[in-house]
There are 2 protein chains.
Amino acid sequence: MDLDGYFDAFTRRDWQTIEEGRIRVAVIGLGGFARNRALPAIRDGRFCETTVLVSGSPEKAEGVANEFDVERVIGYEEFHAGDASEAYDAVYVATPPAFHEEYAETAARLGKHVLCEKPLATDVSGAERMVEACAEAGVVLMTAYRLRTEPSIRRMREMIADGVIGEPVQVHGGFSSRLLEHAGPDTWRLDPEIAGGGALMDLGVYPLNTARFLLGIDPLAVQATTSSGAVPFDRVEKDVAFQLTFPGGATASCTASFDAHPDSRLQVLGTEGQLLIRAPFGGDVSQELVVERGETHTEYTGAPVDEVREEFDYFAHCILAGGDCETDGEDGLADLRTVEAAYESAETGERIDL
Amino acid sequence: MDLDGYFDAFTRRDWQTIEEGRIRVAVIGLGGFARNRALPAIRDGRFCETTVLVSGSPEKAEGVANEFDVERVIGYEEFHAGDASEAYDAVYVATPPAFHEEYAETAARLGKHVLCEKPLATDVSGAERMVEACAEAGVVLMTAYRLRTEPSIRRMREMIADGVIGEPVQVHGGFSSRLLEHAGPDTWRLDPEIAGGGALMDLGVYPLNTARFLLGIDPLAVQATTSSGAVPFDRVEKDVAFQLTFPGGATASCTASFDAHPDSRLQVLGTEGQLLIRAPFGGDVSQELVVERGETHTEYTGAPVDEVREEFDYFAHCILAGGDCETDGEDGLADLRTVEAAYESAETGERIDL
């Protein structure tokens, strides 16, 4: 099988079918990721523009509005009251997970499409309500898994589907950070009420969602072990190791940690070869994608692509072109079902069927 | 912490305390590993010599005896009868696992030390009897985990013990081969009566034993999933994924497969850094050991060392110098306890405490 077809136009948007159109986005919540990654990505992209900022800190919001040339700034209450709703077509919910539902529901009520950060909600029932509200309103609900528009991951998925590495057998994936180096001990990520969990909810969903996406199937069962630690790591799991079993017998062995050397990696071992990617989950994907088959080792070393820009354009494209949004609310919901089962497995010691 | 101390004399034998001595070895079973790796390693080593071959195929044995200049060749029955026992001090049991016990017990009865291939036996009770027989006879019983004398692994262990990567958090380890490319479908490795199991027994014990060795502690619990396949992979597990939990919360996520792209890798992620080794389990360890700490990436790229030669010399040294043999029968037994628990977990879906 010829690898050139994957490498020659590595960063192509296999999903793009239209050339024109623009979606006006209200960005809700102006945390670090929204300011440093999302707003620049929207600005640099093709199908979106930021027209409204929704924030609880008007002063911070005004500075950001000036930087990104955004006309309207409103508060959370104003958003819920429908203020400025004529000025945007969709919202990007970038608040902590516990607040996703209320903004998504208001947006749906106002007839606005929703791009919502992962995890979709703090639990399955919240995510189910969000999916239902958006379906009833006839608006797109997309879960913001930026990996799904990352060229390295999309090319990996194509190669796997095309049998480049034979049948997938075993996946290893890990994602770790030293949370306290970029957040205080009072960060919402360590508050179970706001985050819904710890390292599994915040980091473990990356290898989880990516494994599901790459294999194109959902897991049948999960086994997991979690551990917490001393303050401030005592309220949620600091570390998690979980193991997914897929139809046909393939497995994914995944880990995540809030307090380890920053690293991310992904290996998909198949009967005939393997795919390895260095640093897939860190935000700036290095695209050091390795394809091994037999005794051949091929490495793609092209420049990184801004996966967040790709993500916003994909979201707008789903609205404009009207096709299926693959990374939809059901997708985020499927992850939360697995996450809840993983917590149950960690608690009971049992393999939990999904 | 200065890394030079580990790298400057990377291949040093930290275990060697004597300079002289020689142990005469009877090699029992002349399969591919014994002929291609063990006999050359003994010849090239410092503290061993092969003086007797024990084989069920006299013709094959004579050719091998000529090649390696071995004086005596006897059959299995002659071995059990004590023939040529004056000509050797120790035995190397290189038969399939189901036959380990009988040779080890005869050797113990004859007062001979035993180096036995892994896994030590096909089940825990067999290994317990071997440990007991050798203890009663006052002979050394060593399990042939060649990784334990591999310089890369020993330096990794020292770095971990010295805190070079902080506290260990998560281990990922995998070992896969395409068994049918170097064995027929009737290989004993696929016969549960002879091998005691499949990919876990033959390959999975490598990441298992190495994780235990590197962390210096034994796991508290194991969760596992196995899958078999179409003939000839229908009698034992073709693939296994297992997850160990260690005291303090560290985990090891391990996989093994009899029918996947040949690969082995090991990652030890710590709070302050990580260690990565490419191809640790394949027999010829490449020694591409990577040490990451903070934003520093250091790679050792020295020439490989024959870990099998190191293993035989370590075994002989244990006998000659009289100290503890770290890779003893209890060590092989501990692995089998974990293996049996992993099979129970795969069967019941429960996390099994050890």
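## Basis of the description

This is a predicted model, in which local features need pLDDT of at least 70 and side-chain atom pairs count only at pLDDT 80 or more, while totals for chains, interfaces and linings use all residues. Residues are numbered from 1 along each chain as its sequence is written, and chains are lettered from A and ligands numbered from 1 in the order in which they are written. Helices (H or I, at least four residues) and strands (E, at least two) are DSSP runs, numbered from the N terminus.

## Helix H6 of chain B

Helix H6 of chain B covers residues 124–137, and its 14 residues, at 1.5 Å a residue, should span 20 Å, which agrees with the 20 Å between its end C-alpha atoms; the expected span is 1.5 Å times one less than the number of residues. B:Gly126, B:Ala127, B:Met130, B:Val131, B:Ala133 and B:Cys134 are the buried residues of H6(B). They cover an arc of only 165° around the axis, which puts them on the same side of H6(B), the arc being that of the directions from the helix axis to the C-beta atoms.

The cover over these buried residues includes helix H5 (100–109), strand E5 (113–116), strand E6 (141–143) and helix H11 (329–348) of chain B. H6(B) is followed by B:Gly138, which has a positive phi, near 70°.

## Domains of chain A

The domain assignment, which is automatic or from a database, divides chain A into domain 1 (12–146) and domain 2 (151–304 + 327–353). Their C-alpha centres lie 25 Å apart, and 21 residues of domain 1 of chain A are in contact with 22 residues of domain 2 of chain A, contact requiring that the C-beta atoms of two residues, placed from the backbone, lie within 7 Å. On the domain 1 side, helix H6 (124–137) and strand E6 (141–144) of chain A are the elements giving two or more residues, and H6(A) contributes the largest share, six residues.

By class, this side of domain 1 has 14 nonpolar, two polar and five charged residues; Ala, Val, Leu, Ile, Met, Phe, Trp, Tyr, Cys and Pro count as nonpolar, Asp, Glu, Lys and Arg as charged, and the others, Gly among them, as polar.

## The two chains

Between the chains, 32 residues of chain A are in contact with 32 residues of chain B. E11(A) supplies the largest share of the chain A side, six residues, and the residues of that side divide into five nonpolar, 20 polar and seven charged.

## Backbone features in loops

The peptide bond from A:Lys118 to A:Pro119 is cis, with omega near -15°, and A:Pro119 is placed in the loop between strand E5 (113–117) and H6 of chain A. A:Asp69, in the loop between helix H3 (58–68) and strand E3 (72–74) of chain A, has a positive phi near 60° and is exposed, with 9 other C-beta atoms within 10 Å.

Conventions
A residue is buried if 20 or more other C-beta atoms lie within 10 Å of its own, exposed if 12 or fewer, and partly exposed in between; C-beta atoms are placed from the backbone.
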